[in-house]
Structure formats: C-alpha cells, structure tokens
Amino acid sequence: MAKLQIITAPDPRLKVKARAVEKVDAKVRRLMDDMLETMYGSIGVGLAAPQVGVALRVIVIDVAREGEKAQPVRMANPEILWRSEEKTVANEGCLSVPEHYADVSRAAEIRFRYIDEENEIREVQAQGLLATCVQHEIDHLDGVLFVDHISALKRGMILRKLQKTKRSRALERV
Ligand SMILES: [Zn+2]
C-alpha cells in the first residue's frame, strides 16, 4: 500500500465529475487500499478518489469511533437511491479543505447502493455519521465540496484563506 497526496481546495481537479468504474479489478482494489491508508494517515472518516487526483467513482469510509475496531468500507459507483425528507445538521470538515469546518444540512437517513471490492452489489440503509459521510463523499464524485452547501460569503472566506496558504507554501519551496 502507498500513501497518496491529498489535493486541497481550490483546485480544478476537485470540481470534475468522476467516471463510473467498469469493473473492480486489481488496479481499482489497489486504489481503494491506498486511499484507506491515506485516509487513516490523515485521521479522516472518508476519502473520495478525486481528492487524490483520480477521476473515478470510488470512495472509502470508516466511521468507527476511536477505540473501536476499524470498519473500512470500499465502494465503487456509490449512488443514493432514497433520501429522507428529514434533515440533520452536522459540523463537517474535509481533508481537501484543511482546518475549516462548517455546519451542513443533509438528509438524516438515506438508502444507497454500491459495488464492493469483490464486485458484489450492496444496498445499505444508513443514518447518523455514516449517512452524512456517504453524502459528503458522493458529492466529491460530482465535483461538489461541503463548502458549496454553505453561504457564498463563508465559502469565499474559506477558499481565499486556503489559496493564501497555498501561495505562501509555494513561496517557501522557491
Ligand atoms: Zn471531503
């Protein structure tokens, strides 16, 4: 397994619509494993392939709490089949939007389908952190970040700060 580099916003690679996976082969499985290692190394609960520069519909998630056994989930082509009308608000963060958090309102409960690492189709009903996380990660596959769900004012502020951090890092490298 290898740790991959996580792309941070603003970056055009985070705005693309990712392609569906045709088949979960050894290459896709390797990507899933590398993404999990990258996610664990960055203390995240979810990661989508576009965040590591791969425009494929692949996400990995682990919503196990601290001290619990790891529960890695590898998904290809995840899609939401149903969303509850009831919403829930969670304070979200993102490995591609480092050090910024905001309250985002999403469906409280969802049913979704995906292809697992063995090419089996799975259907899951979820609420709580898993429901929030799956919606957040599927958004990434459509070029949407959590900051796209908040006010333009706050989004602009966060993105400008991130851009500034990027510029000062680029200067340090010179
Ligand atoms: Zn994210």
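Tutor: Begin with the fold: read along the sequence, the chain runs α-β-β-β-β-β-β-β-α-α. Helices (H or I, at least four residues) and strands (E, at least two) are DSSP runs, numbered from the N terminus. This is a predicted model: local features need pLDDT of at least 70, side-chain atom pairs count only at pLDDT 80 or more, and totals for chains, interfaces and linings use all residues. Residues are numbered from 1 along each chain as its sequence is written, and side-chain values use heavy atoms, leaving out hydrogens and water.

Student: How many helices and strands does the chain have?

Tutor: Count the elements of the chain by type. The total comes to three helices and seven strands.

Student: Which protein atoms are the donors of the zinc ion?

Tutor: Donors are N, O and S atoms within 2.8 Å of the metal (3.2 Å for Na, K and Ca); water is not among the atoms, so sites may look incomplete. Here the protein donors lie 2.1 to 2.2 Å from the zinc ion. Their spacing along the chain is C-x41-H-x3-H. They are C94 (SG), H136 (NE2) and H140 (NE2).

Student: Which helix holds both H136 and H140?

Tutor: The two histidines, H136 and H140, are four residues apart, about one turn of the helix. Both lie in helix 2 (residues 128-141).

Student: Is H140 buried or exposed?

Tutor: Buried means under 20% relative accessible area, exposed over 50%, partly exposed in between (1.4 Å probe, protein chains only). H136 has 6%, so H136 is buried. H140 has 1%, so H140 is buried.
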